[in-house]
Amino acid sequence: MLTSLKQLLARIVDYAGIFPPAQLSLPEAINIYDRAHASPHCWMLDRFVLPATLLPEFIKLLPSEDASSSQPWSLSVIVSGNWRSELEQIYQATKRDYKPSIQISALEVAPLSPVEIQSIRLEIPAEVDTFFEIPFNVDLEPYLDILHQIGAGAKLRTGGITSNAFPDSTQLGQRILSLAKARIPFKATAGLHHALRGHCLTHALNETSTTMHGFLNVAIASAFAYQQAVTLDEVVAILEESSIDSFQLSDIEIGWHEFSLPILAIEHSRQQFFRSFGSCSFEEPIHELYDLKLL
């Protein structure tokens, strides 16, 4: 794989196998995540995503220490609006059953008001990355102010199981540009099943066709936005590219039209801005990259 693409996609997938549309059982998801860590493509994998309410069950299901389990379990725990009791639940579970192979490295918090975000942040250890979900139908400015103050990140929902869960390219591009300008990191969740933007079926019971964003589009657009070299129209255009031939790929850079992303810019974006995306499948992104002959 090209060095530039490997830098762009390193540890980009947070595995969320228990969430729709996969909706695996917790034991199934644990097994898949463990196997993925031993696969040749483990460099793309980062955290295991689960709700706070399932943390005690997760700890009980972990392989024993003398089993052939592979890597440390880096967790991204989702906290709902009932955050006070769930944070206490996390604290009690890790205090009682803590194993060195478990690390709660991130929290993903359901949509809250800016005032509530200020309150909950005081309860979270500073070393834990925290991403607060910001809906697309709210005024972003108060959220930018509070996230900047407390040094937290944003979470953007890029899809779901129904067509109305997908933001359009302009909505997503505006959010990415605003976060880049404010130097606030973000992660994405849902809907990024494909490498490139395309027309696909949703996974609702009455499957309908919709246009889904591509994880390569989002990662490349985010890196250009963080570089602060592109306009909103250009970010939207990158998000809407549906052919890999639209990008100029080499070991040392990724190009689009007259713009280029050298390795260092890609590295900065991934470390400091677009941190990851949640996916209920780890294999699907891999297969997409194979289909594009990028792996």
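Let's start at strand β1 (residues 13-15), which runs parallel to strand β2 (residues 45-51) and is joined to it by two bridges. Tyr-15 has Phe-48 of β2 as its bridge partner. Keep in mind as you look around that this is a predicted model.

Now step back to the wider arrangement. These two strands belong to a barrel closed by eight strands, in the order β1-β2-β3-β4-β5-β6-β7-β13, with parallel pairing. From one strand to the next, the twist averages 30 degrees. As background, strands of a sheet pair through backbone hydrogen bonds, and the pairing can be parallel or antiparallel.

Phe-48 turns up again in the packing. The largest nonpolar core has 90 residues, and Phe-48, Phe-58, Leu-75 and Leu-216 are the ones that touch the most other members. Helix α8 (residues 215-226) gives the most to this core, contributing ten residues. In soluble globular proteins, nonpolar side chains tend to be buried together. Have a look at Leu-216: leaving aside residues up to four places away in sequence, its contacts include Leu-5, Leu-8 and Leu-9, along with Ala-195, Ile-244 and Leu-292.

Finally, visit Asp-251, in the loop between β10 (247-249) and β11 (253-256). Asp-251 counts as partly exposed because its relative accessibility is 39%, which falls between the 20% and 50% cut-offs. Beyond residues up to four places away in sequence, Asp-251 touches Met-1, Leu-2, Thr-3, Ser-4 and Ile-263. Thr-3 is 248 residues from Asp-251 in sequence, yet their C-alpha atoms are 4.7 Å apart. A polar atom of the Asp-251 side chain lies 2.8 Å from the backbone nitrogen of Thr-3.

How values were computed: Residues numbered from 1 in each chain as written. Predicted model: local features only at pLDDT ≥ 70, side-chain atom pairs only at ≥ 80, totals over all residues. Heavy atoms only, no water. Helix = DSSP H or I, 4+ residues; strand = E, 2+ residues; numbered from the N terminus. Buried < 20%, exposed > 50% of the residue type's maximum accessible area, 1.4 Å probe, protein only. Contact = heavy atoms within 4.5 Å. Polar contact = N/O pair within 3.5 Å; in protein donor to acceptor, adjacent residues only side chain to side chain. Core = buried A, V, L, I, M, F, W, Y, C linked by side-chain atoms within 4.5 Å. Pairing = 2+ DSSP bridges. Axes fitted to C-alpha atoms, helices over the stretch in contact; angles between N-to-C directions.
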